Amino acid sequence: VRFGVAVAAMASVKKGVYIGNTQVKEGGLMADIEYTVNILEENRWHLACSKRTKINTSAWQAEGTYVPEGNELVCSAAAGQLKGQEFKMIVNDAGDRVTYEGCECEPISSDIPDLAASMDIPMDF
């Protein structure tokens, strides 16, 4: 409560790349769907979708800016075929997972070694 008015917590998401996979039934076939969400600086985002069935593969992508509203990121596409379309992503309480179209997307592993740290080669080799 601030100044006597209840203030809703705003979605806070960590910057980075999140990936999620799901399956849906589409026209009698099972479709494998992969979402890749990239949360960038300055409230920018990028979303890519890849869908595969036994007989077809399709993909699309969108990017733009987002506005946090409650536990959601309301994302507006800024260019391309999807320009002006709105996408909503739910952020978990810890801010380290996003869900799009019911598919939870997890951050890419932080266990990947830092290349700069592993390139400490002595100059007198």
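This is a predicted model: local features need pLDDT of at least 70, side-chain atom pairs count only at pLDDT 80 or more; totals for chains, interfaces and linings use all residues.

Biologist: OK, what does the secondary structure of the protein chain come to?

Modeller: The protein chain has 1 helix and 8 strands, in the order β-β-β-β-β-β-β-β-α from the N terminus. Both are DSSP runs numbered from the N terminus, helices being H or I with at least four residues and strands being E with at least two.

Biologist: And how do the strands run, with what kind of pairing?

Modeller: They form a closed barrel of 8 strands, S1-S2-S3-S4-S5-S6-S7-S8, with antiparallel pairing. Two strands pair if DSSP finds at least two bridges between them. The twist averages 30° from one strand to the next, using axes that are lines fitted to C-alpha atoms, for helices over the stretch in contact, and angles from 0 to 180 degrees between N-to-C directions.

Biologist: Over how many bridges do S4 and S5 pair?

Modeller: S4 and S5 (residues 72–77) pair over 6 bridges, in the antiparallel sense. Gly 64 has Ala 77 in S5 as its bridge partner.

Biologist: How much of the protein chain counts as buried?

Modeller: Of its 125 residues, 24% count as buried. Buried means under 20% relative accessible area, exposed over 50% and partly exposed in between, with a 1.4 Å probe and protein chains only.

Biologist: Switching to rings: how many aromatic pairs are there?

Modeller: The count comes to 4 aromatic pairs. Rings of Phe, Tyr and Trp (its six-membered ring) pair if their centres lie within 6.5 Å; planes under 30 degrees apart are stacked, over 60 edge-to-face and the rest tilted. Take Trp 45 and Phe 87: their ring centres are 5.5 Å apart and their planes sit at 55°, so that pair is tilted. Trp 45 is in strand S3 and Phe 87 in strand S6 (residues 86–91), 42 residues apart, and the pair links distant parts of the chain.

Biologist: Are Trp 45 and Phe 87 buried or exposed?

Modeller: Trp 45 counts as buried at 1% relative accessibility, and Phe 87 is buried with 2%. Phe 87 also pairs with Tyr 100: the centres are 6.2 Å apart and the planes at 45°, so this pair is tilted. Tyr 100 lies in strand S7 (residues 98–100), so the pair ties together parts 13 residues apart in sequence. Tyr 100 is buried too, at 6%.

Biologist: Which residues do the ring pairs link into a cluster?

Modeller: Tyr 35, Trp 45, Trp 60, Phe 87 and Tyr 100.

Biologist: Now the threonines. Where is Thr 53 found?

Modeller: Thr 53 is in the loop between strand S3 (44–52) and strand S4 (57–69). With 18% relative accessibility, Thr 53 counts as buried. Beyond neighbours within four places in sequence, Thr 53 is in contact (heavy atoms within 4.5 Å) with Glu 26, Leu 29, Met 30 and Ala 31.

Biologist: And what does Thr 99 touch?

Modeller: Not counting residues up to four places away, Thr 99 touches Lys 88, Met 89, Ile 90 and Glu 104. Thr 99 is in strand S7 and is partly exposed, with a relative accessible area of 22%. The C-alpha atoms of Thr 99 and Lys 88 are separated by 8.7 Å, with the two residues 11 apart along the chain.

Terms used: Residues are numbered from 1 along each chain as its sequence is written. Side-chain values use heavy atoms; hydrogens and water are left out.
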